[in-house]
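Trainee: I have a structure to go through today. Can we talk about how its helices and strands are arranged?

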Amino acid sequence: MRVDGQPYRTIWVAGDGKTVEIIDQTLLPHRFATIQLRTLDDAAHAIKSMQVRGAPLIGAAAAYGICLAVNADPSDEALDRAYDTLLATRPTAVNLRWALDNMRAHLRNLPRDRRVAAAYARAHDICEDDVAINSAIGDHGLTMLREIAARKKQRPLNILTHCNAGWLAAVDWGTALAPIYKAQDSGLPVHVWVDETRPRNQGMSLTAWELGQHGVKHTVIADNVGGHLMQHGMVDLAIVGTDRTTARGDVCNKIGTYLKALAAKDNDVPFYVALPSPTIDWRLDDGIRDIPIEQRDGEELSHISGRLPDGSVVRVDISPPGSAMANFAFDVTPAHLITGLITERGICRASADGLRTMFPDRVSGN
Ligand code: MRU
């Protein structure tokens with residue numbers, strides 16, 4: 001996608017063929033800057049500190065973290081250490097483990113002197129696959145948007161989204177926003193209600209920013225507004241992303257997604273989840289019981305960053321001294337609240353049958 005008219009991806013290899021470059025997402029929307037990752041620790045830090053975030057991008061960054069580690073030391077021991085270090089960075093998005101398993105299984109079978117080149121080639125393939133998967137999700141989602149638009153008299157189509165499941169959360173296109181970009185590009189009028197997504201405000205800082213860069217009409221709303229809009233017919237559908245989806249279609253996504261799904265159900269608003277297949281955890285069924293939910297530092301809740309009129313960015317404390325903070329980063333939306341899963345192979349029901357039918361070749365493992 002484009003930043004100030006210039007094409008960008010979220011992660012790429014620099015001209016030296018080894019250093020990895022990323023967009024530092026902790027600085028958006030106030031400043032656009034890229035940074036270089038040269039070591040395994042740089043990559044682990046980038047994931048942990050959320051310079052890169054979003055399930056597909058975490059997977060891609062972990063793959064390149066393995067490249068950086070293998071470049072420094074191609075031994076089995078170093079590979080295992082890198083795997084463990086990267087796996088420990090964030091617990092919820094299953095793409096992390098998926099990418100690490102993929103990289104390690106591939107490299108283990110190779111002699112050491114071939115591992116560096118093979119690692120970079122495999123990480124490159126993971127990124128290209130991510131782009132192709134999300135582009136296909138965009139195409140299937142666009143067909144669905146056209147069908148909904150055909151039933152609706154007024155334009156534009158009003159779509160609600162939560163957190164950031166746009167191109168910044170992936171290598172390109174994004175998951176939930178891919179159908180929206182394809183709609184915009186094909187001339188189907190859309191308007192996006194963007195949940196601000198406390199506590200880190202990925203909706204406000206990232207989704208609104210990237211939609212603006214692509215010229216998509218959007219309005220930021222406080223997290224609690226969605227239900228009201230749905231009651232008043234102002235939302236035609238919701239599309240969200242996912243950090244992990246179980247084999248029976250329970251969807252783990254950014255905290256607050258579940259409440260949007262409940263409101264959507266109560267108001268007969270279709271609620272779709274954009275689901276790339278590497279985000280399916282085939283080992284799990286019951287998402288509420290089995291998906292580990294990341295709990296982040298309370299400072300994300302108690303502090304907030306903003307730009308002053310002179311352009312400087314400051315971080316301030318908005319909490320009363322002494323109050324405890326609880327910062328659960330994700331929640332699980334049970335499958336029965338979800339209208340459909342938009343995958344790269346098409347749209348299916350959020351159920352064991354729906355996913356099995358769509359991915360008969362994958363059921364036995366990721
Ligand atoms: O904590 P984050 O920012 O890494 O959370 C990920 C997300 O942005 C969302 O939960 C998203 O909908 C899933 S990733 C496409």
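**Helices and sheet**

Mentor: Fine. The crossing of α5 and α6 is right-handed. Keep in mind that this is a predicted model.

Trainee: At what angle do the axes of α5 and α6 cross?

Mentor: At roughly 65°, and the axes come within 7 Å. That makes α5 roughly perpendicular to α6, because angles of 65 to 115 degrees count as roughly perpendicular. Helix α5 covers residues 115-151 and helix α6 covers residues 178-186.

Trainee: Which residues in α5 meet α6?

Mentor: Among them are Asn134, Ile137, Gly138, Leu142 and Arg146. On the α6 side, the residues include Ala178, Pro179, Ile180 and Lys182.

Trainee: And how do the residues of that contact divide into nonpolar, polar and charged?

Mentor: Seven are nonpolar, five are polar and three are charged.

Trainee: New topic, the sheet. What is the order of its strands?

Mentor: The order is β8-β7-β6-β9-β12-β17-β18. These seven strands form an open sheet with mixed pairing.

Trainee: Which are the edge strands?

Mentor: β8 (217-221) and β18 (346-348), each of which pairs on one side only. From one strand to the next, the twist averages 25°.

Trainee: Which helix lies across β6, β9, β12, β17 and β18?

Mentor: That is α5, which runs at about 135° to β17. Helix α7 (residues 202-213) also packs on the sheet, where α7 touches β6, β7 and β8. The direction of α7 makes about 165° with that of β7.

Trainee: Back to β7. In what sense do β6 and β7 pair?

Mentor: In the parallel sense, over five bridges. Strand β6 is residues 157-161. Within that pair, Leu157 stands opposite Val190 in β7, and Leu160 stands opposite Trp193.

Trainee: Is β7 mostly covered or mostly open?

Mentor: Mostly covered: six of its six residues, 190-195, are buried.

Trainee: Which residues of β7 are on each side?

Mentor: Val190, Val192 and Val194 are on one side, with His191, Trp193 and Asp195 on the other.

Trainee: Why do the numbers skip by two on each side?

Mentor: Because side chains in a regular strand alternate between the two faces of the sheet.

Terms used:
Residues numbered from 1 in each chain as written. Predicted model: local features only at pLDDT ≥ 70, side-chain atom pairs only at ≥ 80, totals over all residues. Heavy atoms only, no water. Axes fitted to C-alpha atoms, helices over the stretch in contact; angles between N-to-C directions. Helix = DSSP H or I, 4+ residues; strand = E, 2+ residues; numbered from the N terminus. Parallel < 35°, antiparallel > 145°, perpendicular 65-115°, else oblique. Left-handed = near helix turned anticlockwise from the far one by under 90°. Contact = heavy atoms within 4.5 Å. Nonpolar A, V, L, I, M, F, W, Y, C, P; charged D, E, K, R; others polar. Buried < 20%, exposed > 50% of the residue type's maximum accessible area, 1.4 Å probe, protein only. Pairing = 2+ DSSP bridges.
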